[in-house]
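Please examine the sequence and the structure shown below.

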Amino acid sequence: MFRATKSASKIISRSYATANVKAPLALHGIEGRYATALFQAAVAKNQLDKVETDLTKLSQQMSKNAKLNEVLSSPLAGKVVKEKVLNSFPGLSETTSNFFNLLAENNRVNMIHEIIAEYSNLMKAHKGIVPVKVTTAAPLDNKSLNQIKDIVGSRNLVKNFKQLEIVNTVNPSIIGGMVVEFGDFTVDMSVSSKIAKLDKLLTDSISI
């Protein structure tokens, strides 16, 4: 995840100075700050769902159109070109269009995938849904996923949410165990993490 600079934060804040709305989820990094700014602007304009629809349509087109992806991610395509491409989609809300212009002006169009994903997380939190990402070396069965859901759901950390959305991501590099992520919390119970800790412990002991 990218780390936002102070200058980037100031640019976003100035652009959405009137959108003084508290986001339902604390996001980090540049993509998180832009997504939060868009969410706040959409709330101020009462266009939350419309903006979500706009972003979903763009995401769907990007998944189908390699040329569109190439133009939006290429450093060779200028700000004006990217701005025109983004605003060529029919029926965009004023909030979405203004946000696309902001991304083009600040050279952040290449982060559109990450920003859309973060906006989706904000919308889920707004609707009382908290995504729980469970990373394992091999896919888990439904029984195991439901057990994890029950355990996480019983904790006060997610008491304000109406629904948990469990997503099982497979990453063989963790070797075994699991990594559970929700909100700002990460519980790393992976074998790879334990090996790394053991390696550090042994290295530190030898160097003494």
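From the N terminus on, the order of elements in the chain is α-α-α-α-α-α-α-β-α-β-β-β-α. In total there are nine helices and four strands; helices (H or I, at least four residues) and strands (E, at least two) are DSSP runs, numbered from the N terminus. The model is predicted, with local features requiring pLDDT of at least 70 and side-chain atom pairs counting only at pLDDT 80 or more, while totals for chains, interfaces and linings use all residues. Residues are numbered from 1 along each chain as its sequence is written, and side-chain values use heavy atoms, with hydrogens and water left out.

Of the 208 residues of the chain, 36% are buried, a term that stands for under 20% relative accessible area, with exposed meaning over 50% and partly exposed in between (1.4 Å probe, protein chains only). Among contacts (heavy atoms within 4.5 Å) between residues at least 6 apart in sequence, 67% join residues at least 24 apart.

Two packed helices are described by the angle between their axes and the distance between the axes. Axes are lines fitted to C-alpha atoms, for helices over the stretch in contact, and angles run from 0 to 180 degrees between N-to-C directions. Helix H2 (residues 29–44) packs against helix H6 (residues 94–105) at an angle of about 150 degrees, and their axes are 10 Å apart. H2 and H6 are therefore roughly antiparallel to each other; angles under 35 degrees count as roughly parallel, over 145 as roughly antiparallel, 65 to 115 as roughly perpendicular and the rest as oblique. Tyr34, Leu38, Ala41 and Ala42 of H2 meet Thr95, Phe99, Leu102 and Leu103 of H6 in this contact.

H2 also packs against helix H3 (residues 48–64), at an angle of about 135 degrees and with axes 8 Å apart. That angle makes H2 oblique to H3. The residues in contact are Leu38, Phe39, Ala42 and Val43 of H2 and Leu48, Val51 and Leu55 of H3.

Helix H3 also contains Asp54. Is Asp54 buried or exposed? Asp54 is buried, as its relative accessible area is 4%. Its side chain is joined to that of Lys50 by a polar contact of 2.5 Å; a polar contact is a pair of N or O atoms within 3.5 Å, and within protein one must be able to donate a hydrogen and the other to accept it, while residues adjacent in sequence count only if both atoms are side-chain atoms. Not counting residues up to four places away in sequence, Asp54 touches Gly91, Leu92, Ser93 and Thr96.
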